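This briefing is meant for someone meeting the structure for the first time. Please look over the sequence and the model before reading on.

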Amino acid sequence: MKKSFNVAAAIAAAGALILGVTAATTASAAVKEVTIAYQGPLTGDAAQTGIDELNAVKYAIKKYNATNPAVKVNLVAIDDQGAGAVALTVAPGAAANKKIIAIVGPAFSGATIASLPYYKAGRLPMISPSATNVTLTNPKSVNYGYPVFHRVPSTDAFQGPALAVWAVQNQKSPKVYIVDDKSPYGTGLAAFTKKGLAAGTWAGSDSTPDDTKDFSATIIKIKASGTNVVIYTGYYSQAAILIKQLRTAGYTGDYAAGDGVLSQSFIDNAGKDAEGALMVAPTIPLAVGNPEMEADYVKLMGEASGEYSGETITITNVFLEGIKAGKLTRSAMLNWINGYHGTTFAGTKLSFDRNGDNNGAAAIGGFIVKSGKNVAVKAVKW
Amino acid sequence: MFDILRTQFWSLTLSGIALGFIYVLISMGYTMVYGVLRMINFANSEIFMVGAFASLLVGRDVFHYTMDTIPPTGAKLALVLTCSLIASMLTSSLVAFLVELIAYRNLRNRTSNRIAPLITAIGMSIVISETVRIITKARAIFAPRILEKQTLFVFHGADIRLDSMITIFAGLILFIALERFIKLSRLGKGIRAVSMDEDSAKLMGVNLNRVISLTFIIGGLMTGAAGFFYVNVYENVKYNMGFSLGLAAFTAAVIGGIGNIRGAFFGGISLGLLEIYASAVVGTQWKPVTVFVVLILILLLKPNGLFGEAVQKTRV
């Protein structure tokens with residue numbers, strides 16, 4: 001029943017979204033305008049990721065609109081809460097809104113999988129800064145996003161083995177326990193991480209739903225197995241609950257996670273228990289990849305950039321360059337993306353293969369929580 | 001597969017009992033209302049949620065504890081915990097009282113249709129949870145640590161923790177107090193009278209509205225206490241936290257025999273243990289399957305729950 005209510009609210013929101021964009025466009029018919037959308041979690045547990053990415057889109061559009069008066073670019077924000085169930089209710093509205101010619105996002109794999117049928121039917125091109133599930137670009141998968149889905153980051157097929165290596169760096173005789181959150185992202189990354197572990201180091205696995213409150217059974221199994229490295233593949237809100245309960249239960253080993261946990265919110269929520277946590281992500285901070293752009297970002301937006309900001313700016317710029325080149329419809333934009341050859345915010349080459357993956361996929365970065373901050377350490381080799 | 005159950009039996013059992021006591025207290029809210037009105041108060045899960053929020057807010061905003069502050073000790077600890085518990089219980093009981101007043105009383109007085117109150121109960125549940133969702137932007141809020149989770153002693157390899165012990169003993173005291181109140185007090189007798197035969201109770205001079213309001217308030221007090229213990233043990237709250245915990249507590253009430261206070265008690269403990277054992281033995285992903293298969297089997301064998309109508313004396 002609650003879900004039905006959520007669905008109704010989301011449909012109403014989607015309708016408002018369509019009407020709002022239409023009204024805004026009609027009111028200023030004299031100026032040529034196009035709309036791109038950002039889709040990701042703007043409320044909910046994972047909202048920080050979405051807010052960071054949305055701000056990065058705003059930054060890129062702000063810069064573009066300031067110097068390109070011929071075609072004004074509007075932005076529509078679509079909140080899917082990072083959840084497939086919510087994405088199912090907002091994606092139809094975005095797909096039906098013909099004013100939207102491209103989407104930056106969705107941010108999360110599960111929400112992308114849920115949205116794809118609508119965007120494929122509407123031929124709405126999309127490039128994600130952070131959806132890493134391998135099935136999205138696998139032609140044999142039902143989740144295959146061709147022809148509309150593209151992404152900048154490396155997939156979990158790279159992130160998993162990198163996580164397996166990064167997580168055990170402090171242990172001479174690692175014993176690794178993997179906990180996933182049952183989401184498409186979490187289970188996929190867990191499988192690739194397990195594959196990447198050295199023989200004899202896997203101590204066990206558990207799959208805990210993403211609304212788990214009590215991890216005590218999992219923690220008892222972890223402690224009984226003699227584990228000294230716990231890897232969590234899920235998102236930061238649950239990751240904070242797990243590490244707090246682990247430390248309370250006396251677990252003193254290492255705690256590691258993938259990009260779903262790479263957020264200041266994880267540290268804020270877990271407090272001192274987050275200290276020393278090891279993370280990998282197919283991203284590098286904007287301040288590391290392009291310090292000049294970071295300085296400009298701070299000047300224009302009034303705050304430092306967040307996770308995946310660099311990738312998000314890169315993607316928005318792909319669309320903006322297309323708009324500048326006169327690609328003002330979905331099909332024209334799709335052709336533009338497929339033929340695109342450019343560079344990322346960090347200066348690496350960017351183009352997309354037939355399946356939508358980045359030909360010059362970025363390296364996997366290794367991070368550690370130090371003094372209450374995520375610190376990028378180095379690129380992880382595996 | 002069962003090796004973990006053998007080697008970690010006491011750790012698992014203690015965790016199951018601590019979780020079970022939270023279910024017990026929430027299920028009291030369901031069972032009290034059902035016992036009197038034969039109605040499932042679906043808003044009870046949200047009554048629990050607002051109680052948990054109240055408990056968190058007292059520690060965070062009244063006493064200004066943060067994630068980085070050192071937990072209080074001694075008299076200060078007792079003060080913060082007492083204020084949090086009182087705030088949690090009072091907030092939940094107030095919401096429960098208002099829910100009854102706004103959503104159920106008029107319906108009860110104007111129709112004997114049993115579906116209408118069920119729908120308004122679901123409606124109240126959604127109104128409360130969606131309001132909190134909007135206010136909190138659907139984010140989980142983490143509570144500062146008030147009670148240091150120190151290990152008191154080790155029993156057969158199981159850490160006996162202060163927070164778990166407080167939950168278990170305080171839960172037990174609240175359960176016994178409620179049962180005694182229902183059994184021995186004048187108001188409790190009124191509740192039991194309405195529970196057994198509403199019309200006869202009215203003829204005997206029992207003020208029906210007063211008794212029903214009291215039932216909601218008492219159920220709210222118990223559910224609010226559950227919110228307090230939940231925050232102390234798990235240290236986070238979220239607008240939809242009541243859904244899964246409320247469903248579990250409702251299941252506990254059904255396992256024990258809904259409408260029966262002792263049934264809710266044993267149902268809650270049984271469910272807590274069952275969940276923890278199932279998670280340990282077959283994996284957490286199989287927990288809901290295992291729990292509900294067992295629930296179905298229990299109901300097939302004992303359709304009125306484990307205690308059903310057998311404990312008339314303690315039935316609400």
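Two residues are in contact if their C-beta atoms, placed from the backbone, lie within 7 Å. By that rule, 29 residues of chain A are in contact with 31 residues of chain B. The model is a predicted one, in which local features need pLDDT of at least 70 and side-chain atom pairs count only at pLDDT 80 or more, while totals for chains, interfaces and linings use all residues. Residues are numbered from 1 along each chain as its sequence is written, and chains are lettered from A and ligands numbered from 1 in the order in which they are written.

**The side of chain A that touches chain B**

- Helix H1 (2-27), strand E7 (202-207), helix H7 (216-224) and helix H8 (236-248) of chain A each supply at least two residues to this side, where helices (H or I, at least four residues) and strands (E, at least two) are DSSP runs numbered from the N terminus.
- H7(A) gives the most, with 6 residues.
- By class, this side has 8 nonpolar, 12 polar and 9 charged residues, with Ala, Val, Leu, Ile, Met, Phe, Trp, Tyr, Cys and Pro counted as nonpolar, Asp, Glu, Lys and Arg as charged, and the others, Gly among them, as polar.

**Helix H12 of chain A**

- H12(A), residues 309-324, has 16 residues and reaches 22 Å from its first C-alpha to its last, close to the 22 Å expected at 1.5 Å a residue, a span taken as 1.5 Å times one less than the number of residues.
- Because 14 of its 16 residues are buried, H12(A) is largely enclosed by the rest of the structure; a residue is buried if 20 or more other C-beta atoms lie within 10 Å of its own, exposed if 12 or fewer, and partly exposed in between, with C-beta atoms placed from the backbone.
- Just after H12(A), A:Gly326 takes a positive phi of about 90 degrees.

**Helix H2 against H12**

- Residues of H2(A), including A:Asp52, A:Ala56 and A:Tyr64, meet residues of H12(A), including A:Ser309, A:Ile313 and A:Leu320.
- By class, this contact has 8 nonpolar, 4 polar and 2 charged residues.

**Residue A:Ile284**

- A:Ile284 lies in the loop between strand E10 (278-281) and helix H10 (286-289) of chain A, and it counts as buried because it has 21 C-beta neighbours inside 10 Å.
- Not counting residues up to four places away in sequence, A:Ile284 touches A:Gly289, A:Gly310, A:Ala346, A:Gly365 and A:Ala376.
- A:Ile284 and A:Ala346 are 62 residues apart in sequence and 8.6 Å apart in space, C-alpha to C-alpha.
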